[in-house]
Number of protein chains: 2
Amino acid sequence: MIAAKYKEMLGAKSVIRELSEYATARGKEIGYENVFDYSLGNPSVPAPEKFKEAVIKLLTECNPMEVHGYSPSLGIPSVKEKVAESLNKRFGMNYTGKHIFMTAGAAGAIAHAVRLVTEPGDEVLTFAPFFPEYHPYIDLSGASLKVVPADTENFQVNFGCFERMLTEKVMAVLINTPNNPSGIVYTKETLENLAKIMTEKAKEYGHDIYLISDEPYREILFAGVEEGYVSQFYDNTISCYSFSKSLSIPGERIGYIAVNPACKEAETLISMCGQISRGIGHNCPTSLIQLAVAEAVDETSDLSVYETNMNILYKELVKLGFTCVKPGGTFYIFPKALEEDAKIFCQKAKNYDLILVPGDSFGCPGYFRMAYCIDTEKVERSLPALRKFVETEYGTKK
Amino acid sequence: MIAAKYKEMLGAKSVIRELSEYATARGKEIGYENVFDYSLGNPSVPAPEKFKEAVIKLLTECNPMEVHGYSPSLGIPSVKEKVAESLNKRFGMNYTGKHIFMTAGAAGAIAHAVRLVTEPGDEVLTFAPFFPEYHPYIDLSGASLKVVPADTENFQVNFGCFERMLTEKVMAVLINTPNNPSGIVYTKETLENLAKIMTEKAKEYGHDIYLISDEPYREILFAGVEEGYVSQFYDNTISCYSFSKSLSIPGERIGYIAVNPACKEAETLISMCGQISRGIGHNCPTSLIQLAVAEAVDETSDLSVYETNMNILYKELVKLGFTCVKPGGTFYIFPKALEEDAKIFCQKAKNYDLILVPGDSFGCPGYFRMAYCIDTEKVERSLPALRKFVETEYGTKK
């Protein structure tokens with residue numbers, strides 16, 4: 001019998017995907033260069049040369065049996081060590097290769113992390129606005145995702161709601177900073193306060209509460225934003241990283257889990273990842289790509305375009321009267337829509353060939369996301385359309 | 001709280017892995033060339049040049065944003081179409097790209113297949129001897145793997161036991177031909193009989209019973225063995241393929257699911273794979289490798305060494321008095337041990353630097369597996385050790 005659970009999921013379409021498909025179809029009519037497609041979070045800059053060179057060198061100079069051979073179930077030891085060294089150097093941590101588990105991107109990392117520290121029926125908390133795929137990631141593992149309402153003032157943490165929702169059933173808190181969709185970076189104070197409350201509650205309930213930190217945007221930080229590292233604030237932290245955005249290789253499905261060495265049974269958790277993999281058919285990311293990222297572990301693509309784009313858009317949005325928290329990183333911005341229902345707002349924007357994503361699926365109705373991982377030239381060309389849209393639909397400088 | 005289920009699994013060590021680790025350690029003492037390591041099923045021939053050339057061409061001649069970009073959740077359409085065409089041409093099927101789902105090897109394929117057609121509590125049947133990883137693949141999905149005892153006469157199917165065990169709770173039957181560990185290829189009669197019984201029982205129970213066909217060794221067939229394609233025998237077949245063995249790229253984690261177009265709701269099943277992926281953090285195999293295998297979809301490595309090795313070993317084993325069914329494919333052979341407890345037999349073999357794997361973990365005690373994916377020169381050098389082992393421990397020509 002066909003599994004009902006997955007069949008039922010087929011009905012629910014992804015709003016982002018639908019908008020992206022619309023943009024592609026519209027592009028066929030008027031030329032894609034004339035569609036201001038802010039729907040998809042796809043890197044818009046090429047992978048660094050060093051990554052390409054590393055892959056070619058592996059293929060041409062190394063033993064193919066080793067390059068294409070099975071990876072050990074926890075990842076290739078030399079790769080894990082290079083990841084650990086890089087994190088230690090940058091963030092003053094004391095990881096060894098034994099605290100690292102190589103994954104198929106952040107999605108694979110979160111799939112393992114949630115299975116590590118929850119049993120079916122347990123709760124995982126996250127904060128709106130949040131990446132909508134957290135729902136299938138968590139809910140299909142057997143645990144249940146609960147969403148703390150947004151602090152729309154500055155998209156930090158709504159601590160009042162958090163404390164109320166952090167019940168005994170919560171085994172993990174899932175955060176994402178720099179944040180998709182808000183672009184906000186959690187402050188030191190936010191992380192300290194989060195750690196303080198979680199430590200107190202863990203003590204009160206007599207069980208550990210883990211912090212799962214989803215960090216694919218860690219390297220995309222803008223001027224004036226202090227670089228922090230979540231795991232420094234809370235021992236029981238499982239960091240989930242992806243090279244998708246930093247190296248512009250989202251299709252190569254490569255990332256890792258780093259368990260804080262101070263975490264209780266840290267090395268056991270990493271070993272358990274290998275057992276979880278057996279059940280979900282993961283069996284390591286590709287050997288070739290593991291070996292290549294190890295050669296480029298401290299590299300990034302030229303990420304400066306994202307900050308350039310953000311500054312252009314932020315300035316224009318504020319000028320047009322939008323309420324908008326200035327992003328500290330990522331390639332997203334999350335302004336308040338100019339009418340209550342952001343779905344209607346985004347629907348109207350399509351008439352101006354502006355593809356904006358309503359905040360509803362991010363758990364934050366009334367706001368909308370713009371993914372400005374596009375050419376700066378196109379961002380600039382989109383401004384007259386944005387102005388025309390706002391002025392026509394909502395009056396000059398609302 | 002750390003998930004008890006996965007923590008408890010840490011105790012159980014893999015016999016194959018332990019033996020492989022022993023062989024490596026022993027190799028450090030006496031030189032690895034002197035250890036006759038028949039433990040691991042790792043391809044021993046390099047990937048075809050065409051595969052390497054395809055990867056380099058993608059990196060040097062194509063747009064990196066496309067090559068390294070996100071794959072659609074069901075796989076890259078052009079890749080899926082090439083897979084379908086190749087299968088149609090070779091096996092007279094009528095797949096389209098819509099019947100193909102790209103996976104991280106056969107492990108990923110089986111992880112999706114079992115979730116497609118079972119609910120927690122359902123049963124999946126397989127036949128001894130079987131690949132031991134089937135247990136975590138099935139059991140951790142929530143379904144439960146039941147093993148039909150071996151037909152030790154010829155390692156086809158024990159139909160008496162099969163019919164008794166094919167109860168109403170069984171939603172899928174998982175087969176593996178050519179078989180790891182026996183090297184046996186199911187005959188046309190076996191497949192026809194299997195299909196007949198499954199069709200009858202499905203009708204009797206009023207629910208579908210799916211055939212999940214695990215086919216990583218499909219291209220490693222020896223002289224005189226008729227090439228068949230499982231899906232031709234039974235409509236409700238989900239074929240699970242891996243390029244690991246045919247292209248000697250096990251570390252690149254690439255394979256696919258092909259759902260027979262005559263299967264009920266075939267395209268729905270493929271779409272459901274995309275939903276299952278969201279829950280297990282799979283999100284497609286790497287784009288680069290998908291694109292590269294599409295260029296090499298009808299290629300294989302030079303696989304002839306496996307047949308050469310099999311013939312040498314089979315002849316010697318028979319000469320030494322072993323009961324042994326001649327393999328029709330793969331790079332495994334599965335003789336009967338010369339004493340009742342194959343674990344003791346294999347333990348004694350270690351004294352002759354012969355690394356053999358007892359059949360117990362394959363669900364077939366009293367037998368042992370030799371993985372002859374090693375250089376022919378080494379197979380030949382192992383024969384005196386094999387002779388000495390048998391003659392010393394069990395008398396001349398037992």
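**Helix H11 of chain B**

I started with H11(B), where Ser287(B), Leu288(B), Ile289(B), Gln290(B), Leu291(B), Ala292(B), Val293(B) and Ala294(B) are buried (under 20% relative accessible area with a 1.4 Å probe, protein chains only; exposed is over 50%, partly exposed in between). That makes 8 of its 9 residues, so I noted H11(B) as mostly covered. Helices here are DSSP runs of H or I with at least four residues, strands are runs of E with at least two, and both are numbered from the N terminus.

I have to keep in mind that this is a predicted model: local features need pLDDT of at least 70, side-chain atom pairs count only at pLDDT 80 or more, and totals for chains, interfaces and linings use all residues. Residues are numbered from 1 along each chain as its sequence is written, chains are lettered from A and ligands numbered from 1 in the order written, and side-chain values use heavy atoms, with hydrogens and water left out.

Next I looked up what the buried residues of H11(B) pack against. On the chain A side I found helix H3 (49-61) and helix H11 (287-295); within chain B the partners are H3, H4, helix H5 (77-91) and strand S2 (100-103).

**The interface**

Then I went for the whole contact (heavy atoms within 4.5 Å). It takes 73 residues from chain B and 73 residues from chain A. About 5900 Å² is buried between the two, 60% of it from carbon and sulfur atoms; buried area is the accessible area (1.4 Å probe) that two parts lose on being put together, summed over both. In chain B, Met1(B), Tyr70(B) and Arg278(B) lose the most area to chain A, together 13% of what that side buries.

Arg278(B) turned up again: its side chain meets that of Glu133(A) in a salt bridge at 2.7 Å, N to O. The count between the chains is 4 salt bridges (a side-chain nitrogen of Lys or Arg within 4 Å of a carboxyl oxygen of Asp or Glu). Which element gives the largest share of the side of chain B that touches chain A? I got H10(B), with 9 residues.

**Symmetry**

Last, I compared the copies, superposed by least squares on the C-alpha atoms of residues with pLDDT of at least 70 in both. Chain B can be laid on chain A with an RMSD of 0.0 Å by a turn of 180° and a shift of 0.0 Å along the axis. The two copies are thus related as by a two-fold rotation axis. The same surface serves both, as 100% of the contact residues of chain B recur in chain A.
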